[in-house]
Structure formats: structure tokens, C-alpha cells
Amino acid sequence: MTEFLIHSKRCFINEEFFEATLHIRNDKILTTYRGLKTRESLPLLDYGNLIVMSGIIDVHVHINEPGREDWEGFDTATKAAAIGGVTTLIEMPLNANPVTTDIKAFQLKQEASKNKLHVNCGFYGGIIPTNKNDIEDLINEGVFGIKGFLTHSGIDEFPNVSKTDLEAIAPILKKHNIPLLLHCELSDDNVPEVTNPKSYQDYLQSRPHHWETNAIDLALDIQKRYDIKVHIVHLSASEGIERIKKHQQKTNKLTVETCPHYLYFNAETIPDESPIYKCAPPIRESINNDKLWSFLLNDGFNFLASDHSPAPPKRKQLESGDFFKAWGGISGLQFTLPILFTEGKKRGLSTEKLILLLTKKPAEFLELDYKKGDLIAGFDADITVWDDSHEFTISEESIRHKHKATPYLNETVFGKVIHTFVNGVQVVKNSEFKTLQQGQLLLKNR
Ligand SMILES: [Zn+2]
């Protein structure tokens, strides 16, 4: 049995900061006390003025194993997560091979994660045109949602679906109250011709706002007609905001996320020949991103997630600089907290609100908020301790993802994760690994 106390002058509990002592027993928070509490028989970890909060929950991560372990894997991704204060993540049904579109592939994925989970990990299943009969099996096996694309996903094994495909599975999603996650870009030919594939402007214009808004309209229509939970992943186009807002007034079954890269970078400062910044939908102009920030500050986004989507440097076409040949995806799982905290400080985002968007809110989306996303008695002891005054520059040596290629390299940021606890065990101590393999496989409703 392990039992100890954690004290800090700034614990974030039930949506506010105060001095508290957490009593941890085994994998749970046994109780919390206001102020400093000592017990002679129990070790006390006194973290002074560091922020002690519930561990970050990242609901949008691509790990690529099995099948594309040369892109990323469970071991490296969950190590990066732990160092970055992420204690729970949910893995997307692509870009592993096989993709998670039937129960056999889902079981293979669970098998592949064995002995490699350094944080807790759950999964989504995928919808493609040919697997409607597999959706209920995936749900019964424990996926947290079903994800689909409305445009080419980037890999041929995961073809995009049509409205008809989504309509076919909507009753199953409704029956199980499982969310449909949609990559909202609906492609058409109404885009300018590409003249220079190494130009960021050309890339940006090739994926216009209306691709996103057309897809959002489709998503809202399905949500309304079938009364199912619909989640819009990685909103980038601010043109989508008004219709989302309007729809959210009518239902709480529509949720929307955005990601650090859309909030931190702007198209104006992305140089040509730098596909390290390529993602889909693309990072847009600062005037667009100001609107994303305003939506965020007005509680429009339900939560924030990394969309960690790594690939080997060769796939990112770092040498050729060709945006159109490059893999679209940004590697950044480890840096969600400092990136958002640093930019958020400039934008007037309170630390309280940021923490909620990274902990309690995603826990609610996953329906894990009865045991994760807060530091209260009975909850899982997933805890992140960080220093909001610590400034540092992101260096190659500090990156724990499989590949060092990330647009966040050399950024100077505030907010360093110092300690991470997963299920009551200290996985990270003084920003170094202490005890590995403490993550659990999470299966919905099981
Ligand atoms: Zn993604």
C-alpha cells in the first residue's frame, strides 16, 4: 500500500486555488484538507508555491502503433505525455495500421499498447464507407467515440465518409449515446490553382474557410436530425463560429475543440518551404486566430486538445519544403500546457480557465468526470505539478516524442511541468522519469 501527502499553497480544487493538502492512498485521492496538514506516519511532499492540479486530459492524440511505429509509438508518446503533465489521452483510430475500424484492429491496438503505457490511454473507433456493421462492436468493446472524415484523411486505409454513411450509423450512436467526432473539412474544387507548392499562402488557400463551414453545416444537420452527440475536432476557420454558437444555444450535444497550434501561430509568420507547420485544416491568419481566441475567452470551446499527429522528418518533406507532398500533422503532445499558458497570458486567459479546459472539461466529454478532471476525495490520483513562473526554451534534448521535428522547437515559454503522478504513482520527478508503466488502458463503460 502506498500512502502519502501532497501540500501546496496553490492547489486547484473544485474550480479554485487555495492552500491544501491531498491525502493519497494507493491510486486514489483519499481526502483533501484546507491548509497544511501533516501526519507523523505519512511522507509529505511539500511543493510550496507550485501549482498542483488534476492531470491534463488530451482527447485528441495520434500514436500510430501498430503498423507505423516509425512515426510514433505508445512508449514514446506516453513518455512525452507524462513529461508534459498529461495523465490521460485518447488515441485516434488513424494513423496506425490497421486503422481502428473493426474489433480485430481494436484488439490489436490494445495488445500493442501492453507494457508501454506511461499514462492512461483510451481509444476512439473510426467510420469509413465499408464498416457500418462494425460500429456497434467497437462501441461494445469500449471506444469513447466514433471518428470520421469528410475529406481525404491523409492515409488511404481511412477513406472519408459521405452524409449517407453517417446517417446509417447515427441510430447506433444514439442508442449508445456515443459521440460522433468529425474532421470538418468538406472538400470541393472551388479553390485557386496551386502555382507554387512551397508557398504557405498557396497551401492556406487550398483549404479555405468554406470547406470547414460546409462540413460544419453537415455536422449540425446530422446532430439535429438524429439528436446525437457531435464533436467538431480542431476548428480553425473563424467563419464557423457563429453557426456553432447558434446551434449550441439549442443543444448541449454539440461540442467543439481547437488546438494549441491554431492559437499560437499565425499564417503571416509561417515562412515558405516550412511544412513543419502543415496541418489540416491549416493555421490561418492572425485576424482569424484573434476570433478563435475571442470564442475561447467567451467559453465557446468546450475544451482544448493537442491533435498530436507526428510523422518522420522525411514524410514532413523538411528538405523539399513542399507543402503539398508533406504529411499534414503537428507534433506537440508534450507542450500543450506551456504553449497555451504563454499565449493565454498575453490574451487575458486566466490560469483557472485554462486548467478547466485541459482537465475537467475534457473529463466531462469522456464522461469520466466522476473520477477524473479534479482533485477531490475518491477521484483517481492523476496529478500534475507545475511552475507557472519558470521560463524555458524548448530544446531538442527536452523533446520526448519519437521525432524531434516540431514547430515548437526553440520557442521560449512559461510553465514547466515538474512532477506528474499517474494513478497515485510518481511517474515524473523534477522533470525526469521516476517510475514508468503506470498508465491504465481505459475502456468506455467497462
Ligand atoms: Zn487529428
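This is a predicted model: local features need pLDDT of at least 70, side-chain atom pairs count only at pLDDT 80 or more; totals for chains, interfaces and linings use all residues.
Reader: What makes His60, His62 and Asp307 the protein donors of the zinc ion?

Author: A donor is an N, O or S atom within 2.8 Å of the metal, and the atoms concerned here, NE2 of His60, NE2 of His62 and OD of Asp307, lie 2.1 to 2.2 Å from the zinc ion, so they count as donors. Along the sequence the donor residues follow the spacing H-x1-H-x244-D. His60 belongs to strand β6, residues 56–61, whereas Asp307 sits in the loop between β14 and α10, so this pair ties together parts that are 247 residues apart in sequence.

Reader: Why is His60 called buried, and why is Asp307 called buried?

Author: The word applies under 20% relative accessible area. His60 has a relative accessibility of 1% and therefore counts as buried, and Asp307, with a relative accessible area of 9%, is therefore buried as well.

Reader: Why are α9 and α10 called roughly perpendicular?

Author: That description is used for angles of 65 to 115 degrees. The axes of α9, residues 286–297, and α10 cross at roughly 90 degrees and come within 12 Å, so the two helices are roughly perpendicular to each other. Their contact is made by Asp290, Trp293 and Leu297 of α9 together with Leu340, Glu343, Gly344 and Arg347 of α10; by class, this contact has 3 nonpolar, 1 polar and 3 charged residues.

Reader: How do you know whether α6 and α7 are roughly parallel or roughly antiparallel?

Author: Angles under 35 degrees count as roughly parallel, and those over 145 as roughly antiparallel. The axes of α6, residues 209–226, and α7, residues 241–250, cross at roughly 10 degrees and come within 10 Å, which makes α6 roughly parallel to α7. On the α6 side the contact is made by Thr213, Ile216, Asp217, Leu220, Gln223 and Lys224, and on the α7 side by Arg243, Ile244 and His247; these residues divide into 3 nonpolar, 3 polar and 3 charged.

Reader: How do you know that β12 and β13 pair, and where do they stand in the sheet?

Author: Two strands pair if at least two bridges are found between them, and β12, residues 230–233, and β13, residues 254–258, have 3 bridges in the parallel sense. Within this pair, His231 stands opposite Thr255 in β13. The open sheet has 6 strands in the order β9-β10-β11-β12-β13-β14, with parallel pairing.

Reader: What makes β9 and β14 the edge strands?

Author: Each of them, β9 at 125–126 and β14 at 303–304, pairs on one side only. Helix α4, residues 163–176, packs on this sheet and touches β10 and β11, its direction making about 150 degrees with that of β11.

Reader: How many bridges join β2 to β3, and which residue of their hairpin takes a positive phi?

Author: There are 6 bridges between β2, residues 16–25, and β3, residues 28–34, and these strands run antiparallel. Arg25 has Lys28 in β3 as its bridge partner, and the hairpin has 2 residues between the strands, with Asn26 taking a positive phi near 55 degrees.

Terms used. Residues are numbered from 1 along each chain as its sequence is written. Side-chain values use heavy atoms; hydrogens and water are left out. Helices (H or I, at least four residues) and strands (E, at least two) are DSSP runs, numbered from the N terminus. Contact means heavy atoms within 4.5 Å. Axes are lines fitted to C-alpha atoms, for helices over the stretch in contact, and angles run from 0 to 180 degrees between N-to-C directions. Donors are N, O and S atoms within 2.8 Å of the metal (3.2 Å for Na, K and Ca); water is not among the atoms, so sites may look incomplete. Buried means under 20% relative accessible area, exposed over 50%, partly exposed in between (1.4 Å probe, protein chains only). Ala, Val, Leu, Ile, Met, Phe, Trp, Tyr, Cys and Pro count as nonpolar, Asp, Glu, Lys and Arg as charged, and the others, Gly among them, as polar.
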